[in-house]
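Please keep the sequence and the coordinates at hand while reading.

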Amino acid sequence: YRLVVDSVVDIFLPSKRRWAGYLAEAKALMYYQQLGYILCLQNGRHFRAEVDLLLWHPRERHLVAVEVKFRSQAPEILPLTLRQARRIYRAACALRPLPLKDKEVEVQLCLITGRLESPQIQVFAEFYTPWE
């Protein structure tokens, strides 16, 4: 069996901005894994919301939804609004794995700045707390 291609095949390459986002997520994931977290879900979508990383720390029994933001320079204001954090929280609650359905989700902002070869990583924990 032989396949003959008569036309040029287009190869999809993401934009520089999207590629930087992929690398920033990978750096954030490596950072959290060094802290003992296990990846449950990456880029999970629920309706219009997306959860960049959903992580579980088995020893601390802690479930975290992480929104990763990359900026070449430190921003003046945080690049995540409370409305966005609420949407991420709701999506993370809906996307929790079945064994973790009873665990509370904490939303964290992972801000990655500088050059991606040697980034600065800042984590803003308890970024969003739902009203009870």
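## Salt bridges

Three salt bridges are counted, under the rule that a side-chain nitrogen of Lys or Arg lies within 4 Å of a carboxyl oxygen of Asp or Glu. The model is a predicted one, in which local features need pLDDT of at least 70 and side-chain atom pairs count only at pLDDT 80 or more, whereas totals for chains, interfaces and linings use all residues. Residues are numbered from 1 along each chain as its sequence is written, and side-chain values use heavy atoms, with hydrogens and water left out.

Burial is described here by relative accessible area with a 1.4 Å probe and protein chains only, where buried means under 20%, exposed means over 50%, and partly exposed covers the range in between. The salt bridge of Lys-69 with Glu-67 has an N to O distance of 3.5 Å; Lys-69 counts as buried at 17% relative accessibility, and Glu-67 is likewise buried, at 9%. Glu-117 and Arg-115 are joined by a salt bridge at 3.1 Å, N to O, and here Glu-117 is exposed at 58%, as is Arg-115 at 59%. Arg-45 and Glu-50 form a salt bridge at 3.8 Å, N to O, with Glu-50 partly exposed at 30%.

## Overall architecture

The secondary structure of the chain consists of two helices and five strands, taken as DSSP runs numbered from the N terminus, with helices being H or I of at least four residues and strands being E of at least two. Along the sequence these elements follow the pattern α-β-β-β-α-β-β. Of the 132 residues in the chain, 36% count as buried, and the chain exposes about 9500 Å², of which carbon and sulfur atoms supply 53%; accessible areas come from the Shrake-Rupley method with a 1.4 Å probe, and for residues only the protein chains shown count as cover.

Contact means heavy atoms within 4.5 Å, and among the contacts with a separation of 6 or more, residues 24 or more positions apart account for 52%.

## Nonpolar cores

In soluble globular proteins, nonpolar side chains tend to be buried together. A nonpolar core is taken as a set of buried Ala, Val, Leu, Ile, Met, Phe, Trp, Tyr and Cys residues joined through side-chain atoms within 4.5 Å. The largest such core has 19 residues, of which Val-51, Ala-65 and Val-105 touch the most other members. The elements that give two or more residues to this core are β2 (49-57), β3 (62-71), α2 (82-95), β4 (105-113) and β5 (120-128), and α2 gives the most, with six residues.

Apart from residues up to four places away in sequence, Ala-65 touches a set of residues that includes Val-51, Leu-53, Ile-88, Ala-92 and Val-105. A second, separate core of 14 residues includes Ala-24, Leu-29, Tyr-32 and Tyr-37.

## Aromatic pairs and a surface patch

Three aromatic pairs are found in the whole structure, where rings of Phe, Tyr and Trp (its six-membered ring) pair if their centres lie within 6.5 Å, and planes under 30 degrees apart count as stacked, over 60 as edge-to-face and the rest as tilted. Tyr-31 and Tyr-32 form an edge-to-face pair, 5.6 Å centre to centre with 85 degrees between the planes. The rings of Tyr-32 and Tyr-37 have centres 5.4 Å apart and planes at 80 degrees, so this pair is edge-to-face as well. Tyr-31, Tyr-32 and Tyr-37 form one aromatic cluster, in which Tyr-31 is partly exposed at 28%, whereas both Tyr-32 and Tyr-37 are buried.

A nonpolar patch on the surface is formed by Trp-19, Tyr-22 and Leu-23, with about 310 Å² of accessible area together. Patches are made of residues with over 30% relative accessible area and no salt bridge, with like charges joined within 9 Å and nonpolar side chains (Val, Leu, Ile, Met, Phe, Trp, Tyr) within 5 Å. Tyr-22 belongs to helix α1 (residues 16-34) and is partly exposed at 40%.

## Backbone angles and the chain end

Asn-43, in strand β1 (residues 38-46), has a positive phi of about 55 degrees although it is not a glycine, and Asn-43 is partly exposed at 31%. Phe-47, in the loop between β1 and β2, also has a positive phi of about 55 degrees without being a glycine, and Phe-47 is exposed at 74%.

Pro-130 lies in the segment after β5 and is buried at 16%. Leaving aside neighbours within four places in sequence, Pro-130 is in contact with Tyr-89 and Glu-104; the C-alpha atoms of Pro-130 and Tyr-89, 41 residues apart along the chain, are separated by 8.2 Å.
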